[in-house]
There are 2 protein chains.
Amino acid sequence: MRLGGGALAGLTALGLMSRASGQGVPLNGLTPVDSSKRKKVIILGGGIAGMTAAYELEKLGIDSVILEPRAKAGGRCMTIRKGDVVEETNGFRQVCQFDEGQFLNPGPTRFPQWHVTIDYCRELGVDIHPFVNFNENAFLYTEGDGLGPLSGKRMRIREAKADLRGQVAELLAKVVDQDKLDEPLTAEDKERLLDFLTYEGDLSRGYRYTGSERRGFKVWPGGGTQEGELGETYRFDELLQSEVWKFFHRANEYEYQAQMYTPVGGMDNIAQALAKHVSDKLILGARVKEFRHANPGIRVVYEQDGEEKTLTGDYGIVTIPPTILRKLPNDFSPMLKNTLNIVPFQNSAKIGLQFKRRFWEEDDRIFGGVSWTNLPTGELFYPSTGFLGKKGVMVGYYIYGPKSDELSRTKPEDRIEFALKNGEKVHPQYRKEFDNAIAFSWATTPHIEGCLAHFPPAMIKTFYPLLLKPEQETYIAASWASHLGGWQAGAFESARLTVKKIYDRVQAA
Amino acid sequence: MRLGGGALAGLTALGLMSRASGQGVPLNGLTPVDSSKRKKVIILGGGIAGMTAAYELEKLGIDSVILEPRAKAGGRCMTIRKGDVVEETNGFRQVCQFDEGQFLNPGPTRFPQWHVTIDYCRELGVDIHPFVNFNENAFLYTEGDGLGPLSGKRMRIREAKADLRGQVAELLAKVVDQDKLDEPLTAEDKERLLDFLTYEGDLSRGYRYTGSERRGFKVWPGGGTQEGELGETYRFDELLQSEVWKFFHRANEYEYQAQMYTPVGGMDNIAQALAKHVSDKLILGARVKEFRHANPGIRVVYEQDGEEKTLTGDYGIVTIPPTILRKLPNDFSPMLKNTLNIVPFQNSAKIGLQFKRRFWEEDDRIFGGVSWTNLPTGELFYPSTGFLGKKGVMVGYYIYGPKSDELSRTKPEDRIEFALKNGEKVHPQYRKEFDNAIAFSWATTPHIEGCLAHFPPAMIKTFYPLLLKPEQETYIAASWASHLGGWQAGAFESARLTVKKIYDRVQAA
C-alpha cells in the first residue's frame, strides 16, 4: 500500500506537495549532474538538515559526507526510550526508566499537514498517526492575583469556551438586533448575522445564552430515564477575569491547527529512516575542530576516536547549531560570525513523566490533547498513543528561553519536583501515580546546546539574509536559517534549497 | 500493558468510568446471585445491547441465550471488508471489492470520550485510535440561490472560520470600545473583553481584522527568503450569504467534540470482542417467529436451518429493532405495540468510495476529517487510518431519513453515481480516481431494517417511558430506548440498566 522509499516514488510525492501548497523548492525533474562533473560536499551535522541534504544530493548525482559528533544521527529529531542515556554538558546523567513502548520526543513531537515533513514521511515509509493537539475535555487552569474567583480552579476547556463564546455572542446579538452597529447592515445580512451568532454561541430565543450542551453535562445523557443535566454556567465577568480565554486560540494558529500528525512509535523514526538512506555517507562520533575555506573548496579538521583527521571537499553545508558554530575555528566573514553570534537560538526543556496509571484517561476521560495553565510549567500534554493502556508518559512541562535556562541548571530530581508540584494543581493524582521521568534540556545537550530560533521582524530584514548567503563554497542549512524556526520542516526546506543552489552552481560550472 | 479482558479488571474500569462522568448504571460491586437462584434470560438480538446484556448477566451469575437471525453477531456494529457480501431486502447484492486493509463502518464509526463505549474497549482489549472528526484544512462547499457570490466555490474551513470570526470580533470590539453595550462593563472588564476579542478574531491595532495567519497562506512560509504570504480575505457580507458558517459548530457539539475515537481496523472489533465472550450463549441464524409471555417466564419460537424450535426462559430482553418487532407475533400490551409502531426509527445510508489514490492527502493535504457541504450527499469523510498509503476509502455520503429512504430504493450503481456527481463538485479528482464502492443502506438490511431513533421532546415525556417499563418478565434494551439514540453507548447503557433491573428482581425473589 505504501508508495515505498524509492527515489522515483519520492520525487513524485514531493512534486505533488509543491503543487498543492507551494512550499518546498522543487527538486523533482532535475537531471542529475553528469558524472564528469561529480562533486563532493562536506556536511557538518547529521540532523534532519544534514541528512536531507545528503539524501537529495545523491539523487542529483552529487557526493557527500556527513560529519556528526554524536553517536547517533538525528540531531534534535530524537526519541528517548527505555535504557537510553541522557548526558548533559553540566555533568548530569539520566538513564531512561520508562517501560517498553513508552517514549518521550524531547524535540519535535508533531507537525501540521502543510509541512514538507509529512511528504518525507510518505517518501521514507514512516507511518504516522494523528497527534491530538486539542481536546475539549482537557483542562484550563490559571491562578494569580487579579484573576478573580476562578483563580486556582481547573475547568474543562469545553465549559469555558462554550460559556464565554455564548455570552459574547449574546452581547453582540443584542447590539445587532437593536441596530447599534457602526456600519449598517442590510436587513438580510442582519438576519444572517443574528443566525450566525445563534449558531456560534448556541443562543436561545431572544439571543440569550442560557448554557449549552457544548459545555458538557453535570449528568451526562444515558440509558433509561437519564436525560442530560446541565451544570451551572460560569459568570461572564469571572471568566473574563480568569484569563483562561488566552489559551483558546492556541490550537487555532496555523502551525497548530487540526489535524497535526506524528510518527507511530516516536519522532526519531524520521531521522532513522533518513539515516538508513545515507548510512554510507555518515561519519558518527566525528567532532569538527576546524572549518576552512580551501580556495577553492572546503577543508575540515575533525576528531574521531581520539584521532585527528582532515577532509577536503568542493562544497560545504553547515547545519550545526549556532551555539556550536560560535566556538568552532572557521574562516567565516566577520559579518557571518557576527550574525551567528546574535541568532536568537534559545533553549527549551521538556519533561516526560511516566505514570503508573493513565489517570487522565481513567479518572478524567481525557484521551490525548493539552491542558493549558499559567503555571510555570505551562502546558501539560497527554500521550497521543497507547490509549487505554496501563502506564503512560505525559509531558509535564515544555518551556522555552530564560525560564528553561534556569531549569537546565538544576538537578534532574529538582526538575521532576518542579513538574510535580505544579502539575498536581491540575491533577491531584500526580504524586501517587508518579513512576519515573526524563527531564530533558537542550541547552545542556552535548554538540547541540540549544533548541530553536525565531527571528524578531527587525532581524528578518537585516541579519537573517546573511545566513542565506553562501561564503565561497559554504552554505548554511538549518531550521534556524528558515522561516520555519523550531520546526523540522525548516530543516527539510532549508536543506532542499541549499541542495538546489549547489546543484545550480555545479551545473553552471 | 492492557488491563485485559477479565471480569475483575473490567469491573474496575467501569467503576472508574461511572465516578468520572456519571454515566452508566454501576454494576461493579454487586454480588453474583446465589446458584440456587440461577435464572435464564432469553435475549432477542445479538447486537451490542444483546451481547452486553449476556456478558454482564454472566458476571452476575445469571444464564442467558442470545437469538441472532444474522450469520454474524454485532448488529449495526459492523465493518465491511474485502469479500464481504452485502445483501438487501430489495434483492440488491454487493460484494465488497475494497483492497485488503480498507474498510467501511456502515453504522457507528466514532465515539466521544465520555461514552461508556470507550470503557468497554478498555475492558475488552479493543485498541483505539483518534478519529479525525475535524480538520481545518478540509473544505466547506455550499451552492444554491441566495447564497451569493461564494455559491459553488469550495473554501478551506480555516479560511472561512478565521475571516468570519475575525470580522465579527471586529464588529463587537468597536461597539465595546465605544461603550455602546446594553449592560455597562467595568473599565477592567471592558479591557479584558477587548483583549478577548483581539485573541478570538486575531485583530490588529484599532481592533481591525485585516486577515490572519489562521486562515492559512497563499504562499506558505518556507526556507530561505520565503516568508508566508497571506491571500485575500473573503468579504463579510459574502461569507454571511454563503451560509458556510452553518457548519462551524458541527464539531463543537458535545457528541462530536474533540477528541473522538474509533477502534483500530474497524468498529466491529468491539462486537467481535463481545461475541468471543458470549460465544457459548450465541445462537446465530436464529430467526424469531413468536415471542410469548409464558406466565411466568418467556416462550420463544424461532427457526434455524429451516427447523422450528421453542425456547423457554425466566426473563426476556428484546433488543431487535422496532421495524422487526412490529412484524413479530407477540404478547406485548397494546400500549407497547402502539409505542413500537411510532418509535421514530429511521433509515441511514452511507457509501464507502475506494479511490485508487489518496488525492485528498496528496493534492489537497487533507489528512482525515470532514468536508461539509449543502449538497444532497452532505458530509464527506476522509479516512482516519492508512495515512500516506496508496488507496483509501472516503465516505461519500452519510444521510438520514426520507432522503436516505429514497436512495435505498435505487440500484447500488445509481447510488454510486449520486455520490460521484455531487462529490466531484468538491473534489474534481473523484471520477478519475474512483475505484469501487459499497453503498450501504440500513432500511434494506435484512433483520435490521433501519438505523436509529431520536425522540422528539414531546415523545420523551409520553411514549418513550413505555419502552422502559417491563411487561411481565420482558424488558427492552436498545440504543433506541435510551437518551443516546444512534450511538452504541445507548445500547451499552440500556443493556446495563436492564441487567440491573433483572438482577434486582432475581435477588428480591
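## Around B:D268

B:D268 touches B:K72, B:C77, B:M78, B:T79 and B:R81, leaving aside residues up to four places away in sequence. This is a predicted model, so please read the contacts here as computed ones.

Where does B:D268 lie? Its place is in helix α7 of chain B, which covers residues 268–277. Is B:D268 buried or exposed? Its relative accessibility is 3%, and because buried means under 20%, B:D268 counts as buried.

## Around A:S64

Over in chain A, A:S64 sits in strand β2, made up of residues 63–68. A:S64 is buried too, with a relative accessible area of 10%.

Which residues does A:S64 touch? Setting aside residues up to four places away in sequence, they are A:V41, A:I43, A:A54, A:L57 and A:K281. One of these contacts, A:A54, is 10 residues from A:S64 in sequence, and the two C-alpha atoms are 5.8 Å apart in space.

## A sheet in chain A

Now for a sheet you can trace by eye. In chain A, 3 strands form an open sheet in the order β11-β12-β13, with antiparallel pairing. The edge strands are β11 (287–293) and β13 (307–313), and each of them pairs on one side only. On average, neighbouring strands of this sheet are turned by 20° against each other, ignoring direction.

How many bridges join β11(A) to β12 of chain A? There are 6, and the two strands run antiparallel, with β12 spanning residues 298–304.

Key: Residues are numbered from 1 along each chain as its sequence is written. Chains are lettered from A and ligands numbered from 1 in the order in which they are written. This is a predicted model: local features need pLDDT of at least 70, side-chain atom pairs count only at pLDDT 80 or more; totals for chains, interfaces and linings use all residues. Side-chain values use heavy atoms; hydrogens and water are left out. Helices (H or I, at least four residues) and strands (E, at least two) are DSSP runs, numbered from the N terminus. Buried means under 20% relative accessible area, exposed over 50%, partly exposed in between (1.4 Å probe, protein chains only). Contact means heavy atoms within 4.5 Å. Two strands pair if DSSP finds at least two bridges between them. Axes are lines fitted to C-alpha atoms, for helices over the stretch in contact, and angles run from 0 to 180 degrees between N-to-C directions.
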